[in-house]
Amino acid sequence: MQPCKGEDTMHKALSLRLRTTILTLAATSGALFGSAAHAQVSASFQNGVGGISAGETLYADFSAGSMGGVSGSNWIIQSGSNGAGADPAVGGQGDPYLSVLGGGTANFLFAGLSQLGLDYGSADWYNSFVLTLSNGATRTFTGQDVINSPPANGDQGASRTNGRLTFTAEAGTSITGLALSSSSNSLEVDNFGVVAAVPEPSTWAMMLVGFGGVGFSMRRRKVTYRLAQAA
């Protein structure tokens with residue numbers, strides 16, 4: 001049975017109201033979060049500390065089956081210390097780690113992180129960390145930038161050049177990529193730990209609108225069914 005004219009008019013009115021709500025929320029989200037392009041990422045370094053930090057989930061420790069999807073060129077996985085790299089003096093020694101050689105790049109992609117931590121060994125001024133953010137921006141840190149007590153001279157044993165390096169995305173964005181590069185041997189890292197980004201408020205708003213649309217559709221079907229039974 002077809003719904004009556006009055007019911008159809010009510011459905012059209014409710015549908016128009018729902019579309020208006022969606023457009024209003026979209027506009028509000030744009031106004032509230034349009035400044036996300038200016039959001040950045042910060043770096044902090046803990047001298048002499050290594051291993052996965054509290055709240056992080058292991059992403060890669062560079063053992064077999066735990067490579068984190070690394071791509072690029074002129075990087076190696078090794079253990080111990082030699083001319084191609086020095087085992088970071090934190091987080092346990094003797095296990096595999098990633099060493100980016102001179103002129104090399106190691107790239108990682110992420111679904112969206114609020115935090116990325118890694119063990120960083122024998123920091124050198126010519127090491128570079130380039131982070132890509134969800135808003136399309138990039139931010140570059142050098143070994144000199146991230147340690148607390150320069151110079152970043154590649155000291156293989158000092159706590160000031162070996163520690164836990166953590167990148168944290170500011171509200172409104174997330175970390176979607178990391179490129180490690182070094183103009184000389186080497187950039188050494190290990191034990192990647194991650195914290196997934198939570199959905200932004202604008203995303204939650206659109207999800208709620210979607211749930212509301214589903215609820216409206218279900219209510220409409222119930223009304224139609226009851227009218228058909230009553231007839």
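Q: Where is the place of Ser122?
A: Ser122 sits in the loop between β4 (97-121) and β5 (127-133); strands (E, at least two residues) and helices (H or I, at least four) are DSSP runs numbered from the N terminus. This is a predicted model, where local features need pLDDT of at least 70, side-chain atom pairs count only at pLDDT 80 or more, and totals for chains, interfaces and linings use all residues. Residues are numbered from 1 along each chain as its sequence is written, and side-chain values use heavy atoms, with hydrogens and water left out.

Q: OK, and what's the phi of Ser122?
A: Positive, about 40 degrees, although Ser122 is not a glycine. Most residues other than glycine have a negative phi.

Q: Is Ser122 buried or exposed?
A: Ser122 is buried, at 3% relative accessible area. Buried means under 20%, exposed over 50%, and partly exposed in between (1.4 Å probe, protein chains only).

Q: What about Asn74, what's its phi?
A: Asn74 also isn't a glycine, and its phi is positive, about 60 degrees. Asn74 lies in strand β3 (residues 71-78), and with 39% relative accessibility it counts as partly exposed.

Q: Switching to peptide bonds: which kind joins Pro150 and Pro151?
A: A cis one, with omega about 10 degrees. Pro151 is in the loop between α2 (143-146) and β7 (163-169).

Q: And what is the bond from Asn185 to Ser186, cis or trans?
A: That peptide bond is cis, with omega near -5 degrees. Most peptide bonds are trans.

Q: Where is Ser186 found?
A: Ser186 is in the loop between β8 (175-182) and β9 (187-196).
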